[in-house]
Amino acid sequence: MATAEEVAKAAERRDVRGRWLLSAPALLVILLAATGPLLIVVVYSFLAPGAYGDVKWQFSSDAWTSVFLERDIFDDTLSLAAAHVTIFWRSIRLAGVTTLATLALGFPTAYFMATRSEKTRDLWLFLITIPFWTNLLIRTFAVLQIIRNEGIINTILLKLGIVSAPVQILYTDTAILIGMAYVYLPLMVLPIYASMEKLDFRLVEAGYDLYATRFKVLWKIIFPLVKPGVIAGSILVFIPALGAYVTPSILGGGKNMMLSNLIELQFGQGRNWPLGSALSITVMIIVMVALLAYVRNAGKSGVRHG
Amino acid sequence: MNWKTTATAMGLALLASTGLARAEGVLNIYNWGNYTSPDVIKKFEAKYNIKVTITDYDSNDTALAKVRQGGTGFDIAVPSQTYVPIWIKEGLIQETDPGKMENAKNIAPEWANPDFDPGRKYTVPWAWGTIGVVVNTDAYKGPANTWGIIFNTPNELKGKVNVVPEMGDVMFAAIKYVGGQQCTDDKAVLKKVRDMLVAAKPNWIAMEYNTIEKMGAGDFKATSDWNGSALRQRLANPAIHFNYPKEGYGLWSDNVVVLKEAKNVENAKLFQNFIMDPENAAGLSAFHRYANAISGSDKYMPADMKDAPEVVIPADAKPLGELQKMCPPETQELYTKIWTELQK
């Protein structure tokens, strides 16, 4: 006859098994949904392009070669894929500049919000989230209405006689940056605000008591303490900015491709799905490497600052 | 209400709904967005007691990729002439033989036996049009019947020209402008094309589809465009004119096909026949603003289209038009490289 202990153990085992069985379907779905599409992209990147879109089921590493190298169609020499590098660099640079711009705007905004009274803070937080109520496309078109030649800015400038002809802002890099900074600003403000809200402002007072300059207080006290928020915000802005599609197309006029346009071209008019897949994975790898470097760096400094 | 009456009511409702669906019949159309006249659809629904649903797509590539995957539930699609041979070759559409349908006699002779579907065994014409140059004459008064507006932009238009980013169309125009043949893989010609495009790009302001709004607002003063789009622009601003480039311009035509996986084949055939009726074809044109290929439809056309220069090609420009073809995959690859180079 089983002892009470054995019975209890068996019951526990059953319990554990039951939990696994019950959670298995959910786990399976998550696993398949997360890795399935990704696997297809990986597999496709090693196939040959079909004649009119789609893929041919035969192994080929051409797609990967042409991500980095290109055969000149005129003199047949193999060289670094200058066009791809240019486009990659344009996207990375834009994402970087957007991150800096949102940081420059977002940090003071978050500071302002965090230093308000408890009640008004909620109001400010609420105001920051308002743009999220509207679709990205519509927000981008709203920016377009503001900066276009017959738009609000130019109309005012013309009426005031500051300029004699409309300033061409639309379809320039400035236009893209304005749009991107506007669209991604909340993603920067919210994490910084979350850190800032927890900040003990007595530390700031203590800093002033010890004759620290304003800059020193900002740099030695506030910034290290809200750094996790700054890092989280930067990641949240940088990654989607790297793949931005709608904003650069609408405000930049589509003359110069971004990464996302290049990938879209391969799946659309270019009809080279394997190359599109290989490019997508390359972007993922870039993001992953950047993220790892960031997180490691952040981890180290986190220890240093206690 | 006790459970018995509830059950009976539910049963009856179920019966009614399925019975209704069977009696009426349905037709599922997969077409370009903002392209299908609601009035003509209403007329078709009333005449045959068929319920029509319409789903939009935005490019030939999207439509092809989706139908290839199968299980779409669509009966009808409307691919362009460049894609029709692929749809046929891949067995995606069925031979409904519209060339022998009752209304086939109405197809205009020049569209009755096209290269992409000899004898009209699969397709019924939906719309056709041209791709040319649109210029706002307030900004530029010189001769505009040339691709030079785009590729060798006159000073007045520098920085004000848009190019619709359809790779095939732009390559067609660029090749014509340097004196080549469409779908050429002649490296000497393509090198000229590449150099010319790269040199021309700094004079462009954008590469966008949204031409009607931007030409109207004055963001663009000239653009490459489809004729129907140009017509809408002129109706909004009489200074905007469509031009047929003298180097040669592209013709396109969209065509109604019945999918192999269609569940409502008979209804789809009724629809193919229905839109070849002159009055119905004119109804379609009144909405999408392009010409149809049906003789006798002119007398039902809206007044602003009857002799619009965008729709009715002037006699001297007629021989310059050429139906655009699908280039072979190897050529397409060359074009994609030039295109990437252009937009890098």
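How far apart do the C-alpha centres of domain 1 of chain B and domain 2 of chain B lie?

1. The C-alpha centres of domain 1 of chain B and domain 2 of chain B lie 31 Å apart. The domain assignment, whose bounds come from an automatic or database source, gives domain 1 as 3-128 + 252-306 and domain 2 as 129-251 + 314-343.

2. This is a predicted model, in which local features need pLDDT of at least 70 and side-chain atom pairs count only at pLDDT 80 or more, while totals for chains, interfaces and linings use all residues. Residues are numbered from 1 along each chain as its sequence is written, and chains are lettered from A and ligands numbered from 1 in the order in which they are written.

3. Between chain A and chain B, 24 residues of chain A are in contact with 28 residues of chain B, contact meaning that C-beta atoms, placed from the backbone, lie within 7 Å. The side of chain A that touches chain B has nine nonpolar, 10 polar and five charged residues (Ala, Val, Leu, Ile, Met, Phe, Trp, Tyr, Cys and Pro count as nonpolar, Asp, Glu, Lys and Arg as charged, and the others, Gly among them, as polar).

4. Within chain A, the axes of helix 3 (residues 82-114) and helix 9 (residues 214-242) come within 9 Å and cross at roughly 145 degrees; helices are DSSP runs of H or I, at least four residues, numbered from the N terminus, and axes are lines fitted to C-alpha atoms over the stretch in contact, with angles from 0 to 180 degrees between N-to-C directions. The contact of helix 3 of chain A with helix 9 of chain A has nine nonpolar, seven polar and no charged residues.

How values were computed. Contact = placed C-beta atoms within 7 Å. Helix = DSSP H or I, 4+ residues; strand = E, 2+ residues; numbered from the N terminus.
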